[in-house]
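Subject: Structure for you to look over

Dear colleague,

I am passing on the structure below, together with some notes on what turned up in it. Please read the notes with the structure open beside them.

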Amino acid sequence: MRLLRAPSLNRSGQFVPMAAMVMFTVVVFLGAVVNVYKVARVKLKVQNLADAAALNVASQIASSINKVTDLNEWMNHFIEVSPNGPSKPGDVPDCVHVNASLPPLSCAENPNKNTSLNLFPAKGDAAAYARLVNTVNQSQMMFINVYNNFIGAGVGSSGSAASNSSLKSILLSDIPELADPGTLVTIWNSAGADPTSSNLPPPGGSSLNTSGIQPLKFKIHDITVSYRTTVPILNVPGPNESMSLGVLLKTGNQAAQPVGWMDLDSSASPLLSVTTARGPQLRLGVGVKVQRSVEVIGGLTIPVSAESVAFVVDGSGEMGDSKPDPFIANVERPVFKPTYWVKLVGAK
Amino acid sequence: MNSKRHFKFQISNFKFAICHSSGQAMVEMVFLIPLLMILAAGVIGVVYTCLQGIKVQQAANLVARIQGQERVAGGFSFQTIQQDNGVASNSGDADPTNLKLDSQSQNWRTLQKPTPPSGTVYAKIKDAVHNMFDPSDAPDLFVPEPKYGLVGYSDQVKVVRIWQPPSVFGWQLPPVTLDATAYGGEDSHMYGLVRWGSTSYNTLGNNSQFWSQRDGNSGARQNLQNPNND
């Protein structure tokens, strides 16, 4: 009886400690729930910031390519060329009805003196055409230099944090939360600049590091044209000749500079290895890593980071791609379509 | 001692322990059980609020991507662009974040506006948000019109969910405002420049030129060539 009674008597007042234990457990559970919530929410937030920043910068890259491509296409529209009206971007112009002195850029190439293709009436006409195209090329180069300096990667930039101020100011004005205290943002566009370290953000501060941005490189395809000649004195047609636009503009002993349509120099431009539906591919793109620290209940600080890569979709625009001439058999022409667009790696 | 007696003893012993040990445990239970119930309700409330908070951020991230991919940036005129985006009539939900919420009148519900015409980008965004929540939450969900990026590359979207907790013993807890902001990339399919296209458009009011996002006849998206399957 004593054995049975004793524990029974000891039960008196047990509810308080039991309730206290339950409450303590509940409070700990609540703390854990709130901590998980805070970390999960910040994780979602930094992932969105990384996605948005990657798309933003990649869109600027695509936009710059479009600008150059559009100026190529602009040279297809010097004059009203065809009874059908101007060609659409990405289409081959009607090269049959062209003004031979001022052909659309897609129609100018004729390296083999083919009489069914464009023949400039004289060398002087071809040289004038070369000067015109060269002027547009110079404006393209100016744009590219401005663009590369703008992103802090051009000849005129030092690569320091200050030289990236334009890119930073655009990013921060579009995505102001990138400047939130404790947020560290790293941006790169070449495989070599991919940051491997995962430093914690400086306490109370923020940082937007764009020093991993490398300049885009473009090259000019020197167009070889053909022109008619006249035999001096006799004033009769001579043999047709061909020459590149760059050589036509060459003066003195200086090296000939290419003149023609501009294309992205893939071998010299920064590329990222991205996984597309076809597997790993090298593409123009941008990687962004966003790090942020979360202070959780219990005095701990948990680092949360997210990475995102956006790239320019291959073939979404056309920059000198060859297409069959619908008006002349067995001839291919370069076409230009300024519609490059971007997507996130992993996005459908 | 047979089993019956033993049982009887136990019962009486139990009564003694509960009722006659200074009456302490009963008093404790009277106070603590309601307290524990309130605590349990609080826990459920906090957990639910946290889950809803995460859901609101998920919804914001989703609609930011939709806004980034779908937002129309080219068209026949500014008006048609706004129509395609579903923001032509400036009829987006008002942002209740700064409103002083009143539980009695549920005054925040007056800030909600009807969903814009289907097929527009803004309608897709609102539908996507509403599909993520229970239909009964619809009156308390707000998706203000997206704010375009200052330079045009990243738009800002906001999702707000107001949760009215149930009253506890006649005491009405204040409404909880959960809001999340997310950013979407610019319409990456719309780089085509209008300079070389005709600006005429068909009887549907859609432009079928290469720089228009939708085909004028079918209404399907165009210019999304991905020839290399990137």
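This is a predicted model: local features need pLDDT of at least 70, side-chain atom pairs count only at pLDDT 80 or more; totals for chains, interfaces and linings use all residues.

A:Lys323 is partly exposed, with a relative accessible area of 28%, where buried means under 20% relative accessible area, exposed over 50% and partly exposed in between, for a 1.4 Å probe and protein chains only. The side chain of A:Lys323 meets that of A:Glu318 in a salt bridge, at 3.4 Å from N to O, a salt bridge being a side-chain nitrogen of Lys or Arg within 4 Å of a carboxyl oxygen of Asp or Glu.

Residues are numbered from 1 along each chain as its sequence is written, chains are lettered from A and ligands numbered from 1 in the order in which they are written, and side-chain values use heavy atoms, with hydrogens and water left out.

Over all chains, the search of the whole structure gives twelve salt bridges. One of them joins A:Asp325 to A:Arg333, whose closest N and O atoms are 2.8 Å apart; A:Asp325 is buried at 6%, and A:Arg333 is buried at 2% relative accessibility. In chain B, the side chains of B:Asp137 and B:Arg161 form a salt bridge at 3.4 Å, N to O. B:Asp137 lies in the loop between H4 and strand S1 (141–142) of chain B and B:Arg161 in strand S2 (residues 154–163) of that chain, so the pair ties together parts that are 24 residues apart in sequence; helices (H or I, at least four residues) and strands (E, at least two) are DSSP runs, numbered from the N terminus. Both B:Asp137 and B:Arg161 are buried.

Salt bridges that share partners also join A:Arg283, A:Asp314 and B:Asp230 into one network. B:Asp230 is found in the segment after strand S3 (176–185) of chain B and counts as buried, at 4% relative accessibility. Leaving aside residues up to four places away in sequence, B:Asp230 touches A:Thr276, A:Ala277, A:Arg278, A:Arg283, A:Phe311, A:Val312, A:Val313, A:Asp314 and A:Lys343, contact meaning heavy atoms within 4.5 Å.

Turning to backbone geometry, A:Lys113 has a positive phi of about 55 degrees although it is not a glycine. This residue, A:Lys113, sits in the loop between helix H3 (105–108) and strand S1 (119–120) of chain A, and is partly exposed at 38%. B:Gln106, also not a glycine, has a positive phi of about 45 degrees; B:Gln106 lies in the loop between helix H3 (78–85) and H4 of chain B and is partly exposed at 24%.

Helix H4 (residues 123–150) of chain A has 28 residues and reaches 40 Å from its first C-alpha to its last, close to the 40 Å expected at 1.5 Å a residue, the expected span being 1.5 Å times one less than the number of residues. Among the buried residues of H4(A) are A:Ala126, A:Tyr129, A:Asn137 and A:Tyr147.

With kind regards
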